[in-house]
Amino acid sequence: DHLIMIKKWLQFLLGLNGASVIRGLRLGFSEFVKGCFASLCATHPMQDGSQNRIQRELQRIPVVTLGEILDARKPAIWLTVQKYEDGILPFHEAMALLSILAAENPREVLEIGTFMGHTTKALAENLKDGVIHTVDLPTDFSVQSDSKGGPPKDDFHLIARRVVGREFQGQAVAQRIRQHLGDSAVIDFQEFGKPTFFFIDGAHTYEYCKQDSEKCFALCGGAGTFLWHDCDDTHPGVVKFVLEWRSLGRNISRIEGTALAYWKSA
């Protein structure tokens with residue numbers, strides 16, 4: 001794991017240039033990181049064959065516009081514009097997520113990956129009578145105490161500095177938010193009510209993305225609206241999972257201009 005992290009840092013540094021810095025200043029830290037990896041692939045196409053493979057696999061997932069998803073629906077949304085903070089959903093992706101939420105208008109939502117609670121709060125603000133279930137690791141979680149027998153996690157730097165649910169605590173919408181603390185690998189999803197709308201943004205390894213999605217699918221009996229974050233070339237586990245579900249006939253698409261994947265089951 002340490003060797004992989006060192007390799008990623010070297011790739012990041014090799015892709016660091018003026019274009020990636022400008023991208024980061026305009027769109028936030030996560031886009032800065034993506035820009036560095038994209039620059040590396042563009043300038044050193046043979047540097048990392050696996051990165052090129054991931055990009056090819058990503059292209060196998062069709063792209064759909066937000067307008068095509070909404071069709072004739074014209075939902076109104078409430079979205080607070082604020083300074084970007086590493087780990088939160090970028091503005092343009094939040095707009096897409098909330099537009100689909102408002103159009104579907106579910107009674108219950110399940111979000112995997114609370115983090116600071118920015119998206120959780122926005123989901124509740126745009127679902128006036130709905131309940132938001134959101135799950136994150138226990139507040140006392142540490143890498144050292146993590147079970148060695150469980151699925152691999154990622155984003156430990158974000159886990160270490162999170163304040164779970166900070167953004168909605170003490171707010172009026174907190175009355176409709178149900179905070180669940182536990183590892184999604186072992187927690188009982190039956191605690192999460194009967195959601196039909198799912199936003200999966202927890203650990204982005206293939207193992208977690210797969211099992212979180214399968215548990216959500218079972219929870220709604222296969223009838224729900226699913227969105228996944230970080231379906232891009234820097235998260236091969238998410239891409240691998242999405243392609244796996246597509247091979248089962250589930251026509252998941254990427255939303256144009258975002259790192260969101262979308263699917264509404266029949």
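**Helix packing and buried loop residues**

Q: Does Phe115 count as buried or exposed?
A: The relative accessibility of Phe115 comes to 11% in this structure, which is a predicted model. The cut-off for a buried residue is under 20%. Phe115 lies below that cut-off at 11%, and therefore counts as buried.

Q: Where does Phe115 lie, and what is its phi?
A: Phe115 belongs to the loop between β2 (108–112) and α7. Most residues other than glycine have a negative phi. Phe115 is not a glycine, yet its phi is positive, at about 55°.

Q: Which value does phi of Asp230 take, and how does Asp230 count by accessibility?
A: Asp230 is placed in the loop between β6 (225–228) and α10 (236–247). Its phi is positive, near 65°, in a residue other than glycine. With a relative accessibility of 10%, Asp230 counts as buried.

Q: Which residues are in contact with Ser184, leaving aside neighbours within four places in sequence?
A: Ser184 sits in the loop between β4 (177–181) and β5 (197–200). Its relative accessibility is 8%, so Ser184 counts as buried. Leaving aside neighbours within four places in sequence, the residues in contact with Ser184 are Phe189, Tyr208, Gln211, Asp212 and Lys215.

Q: How many residues of α6 are buried?
A: The buried residues of α6 are Glu93, Ala94, Ala96, Leu97, Leu98, Ser99, Ile100, Leu101, Ala103 and Glu104. The helix is mostly covered, and of its 14 residues the number buried is ten.

Q: Is α6 roughly parallel or antiparallel to helix α7 (residues 118–125)?
A: The two helices pack with their axes 10 Å apart and at an angle of about 30°. Angles under 35 degrees count as roughly parallel. The relation of α6 to α7 is therefore roughly parallel.

Q: Which residues of α7 does α6 meet?
A: The crossing in which α6 passes α7 is right-handed. The residues of the contact divide into five nonpolar, one polar and no charged. From α6, Leu97, Leu98 and Leu101 take part, and in α7 they meet Thr119, Ala122 and Leu123.

Q: Which residue just after α6 takes a positive phi, and of about what value?
A: The residue in question is Asn105, placed just after the helix. The phi of Asn105 is positive, at about 50°.

Q: How does α9 (residues 206–219) lie relative to α10?
A: The axes of α9 and α10 come within 7 Å and cross at roughly 45°. That angle makes the orientation of α9 relative to α10 oblique.

Q: How do the residues of the contact of α9 with α10 divide into nonpolar, polar and charged?
A: The crossing of the two helices is right-handed. On the α9 side are Tyr206, Cys209, Lys210, Ser213, Glu214 and Phe217, which meet Gly237, Val238, Lys240, Phe241, Glu244 and Trp245 in α10. The contact divides into six nonpolar, two polar and four charged.

Q: Which elements do the buried residues of α9 pack against?
A: The buried residues of α9 are Tyr206, Tyr208, Cys209, Gln211, Asp212, Ser213, Cys216 and Leu219. Among them, Tyr208, Gln211 and Asp212 are also in contact with Ser184. The elements against which the buried residues of α9 pack are β2, β5, β6 and α10.

Q: How far apart in space are Phe156 and Val143, C-alpha to C-alpha?
A: Phe156 is part of helix α8 (residues 156–161), and at 32% relative accessibility it counts as partly exposed. Not counting residues up to four places away in sequence, Phe156 touches Phe141 and Val143. Phe156 and Val143 are 13 residues apart in sequence, and their C-alpha separation in space is 7.5 Å.

Q: What percentage of the residues in the protein is buried?
A: The secondary structure comes to ten helices and eight strands. Among contacts between residues at least 6 apart in sequence, 73% join residues at least 24 apart. Of the 266 residues in the protein, the buried share is 52%.

Terms used. Residues are numbered from 1 along each chain as its sequence is written. This is a predicted model: local features need pLDDT of at least 70, side-chain atom pairs count only at pLDDT 80 or more; totals for chains, interfaces and linings use all residues. Side-chain values use heavy atoms; hydrogens and water are left out. Buried means under 20% relative accessible area, exposed over 50%, partly exposed in between (1.4 Å probe, protein chains only). Helices (H or I, at least four residues) and strands (E, at least two) are DSSP runs, numbered from the N terminus. Axes are lines fitted to C-alpha atoms, for helices over the stretch in contact, and angles run from 0 to 180 degrees between N-to-C directions. Angles under 35 degrees count as roughly parallel, over 145 as roughly antiparallel, 65 to 115 as roughly perpendicular and the rest as oblique. A crossing is left-handed if the near helix is turned anticlockwise from the far one by less than a right angle, and right-handed if clockwise. Contact means heavy atoms within 4.5 Å. Ala, Val, Leu, Ile, Met, Phe, Trp, Tyr, Cys and Pro count as nonpolar, Asp, Glu, Lys and Arg as charged, and the others, Gly among them, as polar.
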